[in-house]
Amino acid sequence: MIRYLLFDLDDTLYTNTSGLFGEVRQRIEAWLMQALDIPLETAQTLRREYHLRYGTTMAGLLHHHPEADVEDYLETVHRVDVTKYLHPAPELGAMLERLPAGKVVFTNAITSWAERILERLEIREHFERIVDVRDVGYLAKPRPEAYEQLLALLHVDGADCVLLDDQAPNLQTAAQFGMHTILVRSGQVPSAGVDFAVGTVLEAEPPLRQLLNGQV
């Protein structure tokens, strides 16, 4: 029985086409330049390399720059006015309302960021909890320890959950815990660790219904 639908936030519940992440990237690079005293080109390279290797820039900072103020980083890079980029999403709200399971945001970002986005999309009421990177000890997806902490917080087994995420590595780790998985990314197909692939979160309702009805 599926008890929880776990939704990644960024580029899953809304798409990167909004332009929001362009500003976030700029803020990340500006913070790296100032905190590490490096030029822009080096900051851009570090951001890309850390994200590719560790899943987030924050994880790369923790690994290579333990002296960095990660709390200041998290607060600074998420200090963006999301209302400039996002709009209410009534279709998404209606879809969430129709799905009979608990809904949780599982994000590598921070709760205040998630709250602002959910409020702007007008879907906050559908989520009973946000599990952010602080809740899992700064261990970002796809680190297995992050999933262990998540399941402990929810008091469930992996088989009780479905994870929707735009990053296949995040889903592959989830599958190791017995979670059902849905990749939300255009042009992709199911693969190892990925049960379903859809172009947008709105296209996820049919496979979610199959899972909720025990048809998979």
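Me: A residue is buried when its relative accessible area is under 20%, exposed when the area is over 50%, and partly exposed in between (1.4 Å probe, protein chains only). Why does Phe177 count as partly exposed?

Reply: The relative accessibility of Phe177 is 23%, and therefore Phe177 counts as partly exposed. The model is a predicted one, in which local features need pLDDT of at least 70 and side-chain atom pairs count only at pLDDT 80 or more, whereas totals for chains, interfaces and linings use all residues. Residues are numbered from 1 along each chain as its sequence is written, and side-chain values use heavy atoms, with hydrogens and water left out.

Me: What makes Tyr147 buried?

Reply: Tyr147 has 0% relative accessibility and therefore counts as buried.

Me: What kind of aromatic pair do Tyr147 and Phe177 form?

Reply: Tyr147 and Phe177 form a stacked pair, with 5.9 Å from centre to centre and 10° between the planes. Tyr147 belongs to helix 7 and Phe177 to the loop between helix 8 (168–176) and strand 5 (180–184), so that the pair links distant parts of the chain, 30 residues apart. Ring pairs join Phe106, Tyr147 and Phe177 into a cluster.

Me: How do you know that strand 1 pairs with strand 2?

Reply: Two strands pair if DSSP finds at least two bridges between them. Strand 1 (residues 4–7) and strand 2 (residues 102–106) are joined by four bridges and run parallel. Within this pairing, Phe7 stands opposite Val105 and Leu6 opposite Val104. Strand 1 also pairs with strand 4, in the parallel sense and over four bridges, where Leu5 faces Val162. From strand 1, Tyr4 and Leu6 point one way and Leu5 and Phe7 the other, and all are buried.

Me: What is the order of the strands in the sheet?

Reply: The sheet is open and has six strands in the order 3-2-1-4-5-6, with parallel pairing. What makes strand 3 and strand 6 (196–198) its edge strands is that each pairs on one side only. On average, neighbouring strands of this sheet are turned by 25° against each other, direction ignored (axes are lines fitted to C-alpha atoms, and angles run from 0 to 180 degrees between N-to-C directions).

Me: Which residues touch the most other members of the largest nonpolar core?

Reply: A nonpolar core is a set of buried Ala, Val, Leu, Ile, Met, Phe, Trp, Tyr and Cys residues joined through side-chain atoms within 4.5 Å. The largest has 57 residues, of which Leu13, Leu32, Trp113, Ile117 and Ile182 touch the most other members. Helix 1 (residues 20–36) contributes the largest share, six residues. A second, separate core of 20 residues includes Val104, Ala146, Leu150 and Val194.

Me: Why is Asp165 called buried, and with which side chain does it make a polar contact?

Reply: Asp165 has 0% relative accessibility and therefore counts as buried. Asp165 lies in strand 4 (residues 161–165). Its side chain makes a polar contact of 3.2 Å with the side chain of Asn170. That distance is inside the limit, because a polar contact is a pair of N or O atoms within 3.5 Å; within protein, one must be able to donate a hydrogen and the other to accept it, and residues adjacent in sequence count only if both atoms are side-chain atoms.

How values were computed:
Helix = DSSP H or I, 4+ residues; strand = E, 2+ residues; numbered from the N terminus. Phe/Tyr/Trp six-rings, centres within 6.5 Å; stacked < 30°, edge-to-face > 60°.
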